[in-house]
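Subject: Handing over the structure

Hi,

Here is the structure I promised to pass on to you. Have a look at it first, and then read on for what turned up in it.

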Amino acid sequence: MPGRVAYIAASLDGFIAAEDGSVAWLEAFQATDYGYAEFFAGIGTLVMGRSTYDQLLHFGAWPYAGKRCLVLSRRGIAHPPEGVEAWKGDLASLAAHLCAAKERVWVVGGGKLIAGLLAEGALTELDLFMMPVLLGRGIPLFAGGHPPTQALTLLDTQTWPNGVVRLRYAIADATPAKA
């Protein structure tokens, strides 16, 4: 089903990474299956900011082989993995491009990109995994300020014995007509 979803884990206090960009705090939760394989199988294109892309390169093998990936980057990308391309346009043009897509798009991160696409009306769904950790500080889920006020409709919740809670929301006023 087409749509543009931010599928992301956050600490209970709203951070997606530590101040240095590290997500090592998520390692304690890796033993549990949260449905990632099923989610990923339905994705056609991934979108991420340059910092997220650079961090993923340090994890070893490219984790999204076989999928198209757009990286918001004004400076381009030297020797990208197969399927990865730089998006050198502005956020508004990216939003219009994504809204015209006939496939499911995963907005991987980071927080500035997610907040920006929310402001552009380009996201149709938030799929948040709230992790039972308080980081105190770090990179916020909606970096660069608060997203605009938007009505959300709860689609589903799920809990796991380790304290993880999944909250899946439709964004009621997503405006794909901006495309």
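K67 lies over the face of F40, at 4.8 Å from the ring centre. Please keep in mind that this is a predicted model. F40 itself is buried, because its relative accessible area of 15% falls under the 20% cut-off. The F40 ring also has an aromatic partner: Y36 and F40 are stacked, 5.5 Å centre to centre and with 20 degrees between the planes. Both belong to helix 1, where being four residues apart separates them by about one helical turn. In an α-helix, residues three or four places apart point the same way, because there are 3.6 residues a turn. Y36 has 33% relative accessibility, so it counts as partly exposed.

That pair is part of a wider picture. How many aromatic pairs does a search of the whole structure find? There are 15 of them. One aromatic cluster is formed by Y7, Y34, Y36, F39, F40, Y53, W62, Y64, W106, F129 and W160. Within this cluster, Y7 and F129 form an edge-to-face pair, with 5.1 Å between the centres and 70 degrees between the planes. Y7 lies in strand 1 and F129 in strand 7, so their pair ties together parts that are 122 residues apart in sequence. Are these two residues buried or exposed? Y7 and F129 are both buried.

Two or more lining residues come from each of strand 1 (3–11), strand 2 (15–17), helix 2 (50–57), strand 6 (104–109), helix 4 (111–119) and strand 7 (125–131). Which element gives the most to this lining? Helix 2 does, with five residues. Sorted by class, the lining of the largest pocket has 26 nonpolar, 12 polar and seven charged residues.

The second largest pocket holds about 270 Å³ of space. Of the 15 residues that line it, G35, E38, F39, D127 and R166 lie nearest its centre. Helix 1 (36–41), strand 7 and strand 10 (165–171) each give two or more residues to this lining. By class, the lining of the second largest pocket divides into five nonpolar, three polar and seven charged residues. F39, named here, is also a member of the aromatic cluster.

Helix 4 deserves a look of its own. Why is helix 4 described as largely enclosed by the rest of the structure? Seven of its nine residues are buried, so the rest of the structure largely encloses it. The buried residues are G111, L113, I114, A115, G116, L117 and L118. After helix 4 comes G121, which has a positive phi near 75 degrees.

Last, a hairpin. Strand 9 (residues 152–159) and strand 10 pair in the antiparallel sense over seven bridges. Across this pairing, T157 stands opposite L167 in strand 10. Five residues lie between the two strands of the hairpin, and G163 in the turn has a positive phi of about 100 degrees.

Happy exploring, and do write back with any questions.

Best wishes

Key
Residues are numbered from 1 along each chain as its sequence is written. This is a predicted model: local features need pLDDT of at least 70, side-chain atom pairs count only at pLDDT 80 or more; totals for chains, interfaces and linings use all residues. Side-chain values use heavy atoms; hydrogens and water are left out. Ala, Val, Leu, Ile, Met, Phe, Trp, Tyr, Cys and Pro count as nonpolar, Asp, Glu, Lys and Arg as charged, and the others, Gly among them, as polar. On a 1 Å grid over the protein atoms alone, a cavity is a set of points where a 1.4 Å probe fits but cannot get out, and a pocket is an open set with protein on both sides within 12 Å along at least five of seven lines; lining residues have an atom within 4 Å of a point. Grid points are joined across faces, edges and corners, and a volume is the space filled by probe spheres set on the points. Two strands pair if DSSP finds at least two bridges between them. Rings of Phe, Tyr and Trp (its six-membered ring) pair if their centres lie within 6.5 Å; planes under 30 degrees apart count as stacked, over 60 as edge-to-face and the rest as tilted. Buried means under 20% relative accessible area, exposed over 50%, partly exposed in between (1.4 Å probe, protein chains only). A charge sits over a ring if NZ of Lys or CZ of Arg is within 6 Å of the ring centre and within 35 degrees of the ring normal.
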